[in-house]
Structure formats: C-alpha cells, structure tokens
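Please look through the structure shown here, and then follow the report on its ligand and its aromatic rings.

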Amino acid sequence: MQTQSSASAHDRARIRFEEHRRAFLQNEPLRKLYAEWYGRIGQSLPPAGLGPVLELGSGPGLAADFLPDVMLTDVVRAPWHQLSVAAENLPFKDGAVGAVVLFDVLHHLPSPERFFREAMRALSPGGRVLICDPYISPLSYPVFGWLHEEGFDFSVDPFEPQWPEGKDPFSGNQAVATQLFFRKLAEFQRRFPGLQLLSRERFAGPSYPLAGGFGRKPFVPQTVWNTFKRVEGWLPPAAFAWAGFRTLVVLERL
Ligand SMILES: C[S@@+](CC[C@H](N)C(=O)[O-])C[C@H]1O[C@@H](n2cnc3c(N)ncnc32)[C@H](O)[C@@H]1O
C-alpha cells in the first residue's frame with residue numbers, strides 16, 4: 001500500500017512523465033540518441049516466441065516509438081502503460097517472460113538484487129534482461145556527479161538494498177550499472193550464475209550531455225551537435241571506457 005508520502009511522490013512522477021514526453025518531442029538530438037539506443041536494444045532482443053517483452057519503468061512510454069511489440073509497465077501507473085508493475089515483483093508465472101528491458105531504470109530500483117532474483121524466476125530459458133543505464137567513465141564522472149540531480153555513490157554496496165521501500169521512484173544512484181557489470185562483475189556472476197553475460201557495451205560520448213536531456217535545451221546548435229556525433233562514430237569502442245556516458249548490458253537466462 002502507498003504511504004501518503006509515496007502517493008505524492010507518485011503524483012510528482014506522473015507530472016514528470018508528461019514533462020519528459022514534451023521535452024523529448026522538442027529535442028531533435030535527444031530523439032536521435034534514443035532512436036539509436038533503443039535500436040541497439042531491439043537488435044539484442046531474443047528470438048520471438050519465448051514470451052512477452054516487458055519494459056519496466058517505462059515512465060513517459062518512449063519505448064513504444066522504437067520497439068513496436070514492447071509491453072509498457074511502471075510502478076507508477078499512467079494511462080499509456082499496459083500494466084502497473086514493480087520490478088521486484090513481476091506478475092507472471094515462472095518462465096513465462098521473453099525479455100525485460102530497463103532503460104534508465106536499474107539505478108532507480110530499491111534493490112537491484114531482488115530484481116535480478118525475480119528476473120531469474122520469471123524469464124524463460126533463453127530470455128533476456130537488457131539494461132541501458134549511465135556509465136561512469138573519467139569523462140562522464142564530473143557530469144553525472146556534479147551536474148546531474150541524481151548523482152552517484154560508489155561507497156554503496158550494489159548487492160545490498162539501496163533505498164527503503166516507498167522511496168521516490170525518481171531517486172537513484174547512477175553508479176549501480178558500473179559497479180555491477182564492470183567493477184564487481186565477478187561477484188555478480190557468482191551470485192547470479194543463471195544469468196549469462198552476453199555483452200556489455202560502453203558508448204555515447206559528449207554528444208549525450210550536449211543534447212541537454214529532459215531538463216534543458218541542447219547546449220549547442222544542431223549542426224555542431226551533428227559534428228560531435230559524427231566524430232564519436234569514428235572512435236573505436238575502447239575509447240568509450242574513458243569517454244562513455246552509457247552502457248548496454250545484455251544477460252541471458254540459462
Ligand atoms: C528515469 S525514469 C526512466 C523512464 C523511461 N524508461 C525513459 O527512459 O524515458 C525511471 C523510471 O523507473 C520507474 N521505477 C522506479 N522504481 C521502479 C520499480 N521498483 N519498479 C518499476 N519501475 C520503477 C520510475 O517510475 C520511472 O518511470
């Protein structure tokens with residue numbers, strides 16, 4: 001049951017969904033980035049027929065523009081979501097789900113550990129977890145740490161609950177994916193041997209912060225932004241260990 005404070009946090013979250021959708025429609029660089037990133041997710045989905053593809057934490061529902069068969073869900077209910085779902089408690093039978101997509105959601109979960117246990121239960125063998133989340137590199141460190149409202153904290157153990165129940169659904173620790181899939185990957189694999197790491201890419205350089213995000217307009221004119229984006233396209237993947245702002249992690253249920 002929602003407490004009064006979590007109910008008002010949910011009301012604020014719903015208002016943010018509307019604001020994010022409006023900002024997204026007005027921001028050409030952001031739309032280009034999301035099209036590319038959801039395109040990567042679309043290419044990494046498992047073969048059809050394993051069960052539904054759920055997006056957890058769909059918020060404004062941007063995934064529907066890029067992944068036609070995805071089921072939109074969120075812990076905060078909105079009219080465009082097909083289901084109201086908390087990531088730690090998926091309303092599906094064992095082995096019934098084909099894939100779960102988390103786009104900017106992992107670092108908001110009260111307990112990533114509980115989510116991964118639930119994903120292990122609900123996914124069909126061959127089903128996948130696809131996570132697109134912030135990556136903390138030397139270049140993104142100051143941007144996510146000082147300029148982004150959520151910030152990050154590497155001193156928090158990512159295998160322990162991050163927040164109390166009923167937290168604001170938008171509070172987060174942006175270090176979680178970097179911790180679980182880069183700095184503490186061996187521990188993740190020890191705890192979740194049934195989730196095989198298929199890939200973990202780092203990508204998206206300064207073109208991402210220059211796009212302004214949902215709270216600001218792009219920081220540079222479109223032509224300058226296009227040049228940044230083109231130059232980033234020439235960089236080898238290894239460059240994004242130093243200059244990346246995002247990671248895409250794909251796990252497969254054995
Ligand atoms: C930063 S928003 C991302 C929204 C959307 N995926 C996007 O990228 O536009 C984080 C979302 O995670 C949702 N969320 C937070 N905690 C959650 C949980 N435990 N289970 C499911 N969704 C959750 C929030 O309600 C919010 O919609």
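## The ligand and its surroundings

A polar backbone atom of G57 lies 2.8 Å from a nitrogen atom of the ligand, a polar contact being a pair of N or O atoms within 3.5 Å. The protein buries 95% of the 600 Å² that the ligand exposes when taken alone, where accessible areas come from the Shrake-Rupley method with a 1.4 Å probe. A polar backbone atom of F103 is likewise 2.8 Å from a nitrogen atom of the ligand, while for a polar side-chain atom of E88 the distance to a ligand nitrogen is 3.1 Å.

## How the model was read

This is a predicted model, in which local features need pLDDT of at least 70 and side-chain atom pairs count only at pLDDT 80 or more, whereas totals for chains, interfaces and linings use all residues. Residues are numbered from 1 along each chain as its sequence is written, and side-chain values use heavy atoms, with hydrogens and water left out.

## Aromatic pairs

There are 24 aromatic pairs, counted where ring centres of Phe, Tyr or Trp (its six-membered ring) lie within 6.5 Å, with planes under 30 degrees apart called stacked, over 60 edge-to-face and the rest tilted. One of them joins Y34 and F214 edge-to-face, at 5.8 Å centre to centre and 85° between the planes. Because Y34 lies in helix α2 and F214 in the loop between α7 and α8, this pair ties together parts 180 residues apart in sequence; helices (H or I, at least four residues) are DSSP runs, numbered from the N terminus.

Note on methods: A polar contact is a pair of N or O atoms within 3.5 Å; within protein, one must be able to donate a hydrogen and the other to accept it, and residues adjacent in sequence count only if both atoms are side-chain atoms. Helices (H or I, at least four residues) and strands (E, at least two) are DSSP runs, numbered from the N terminus.
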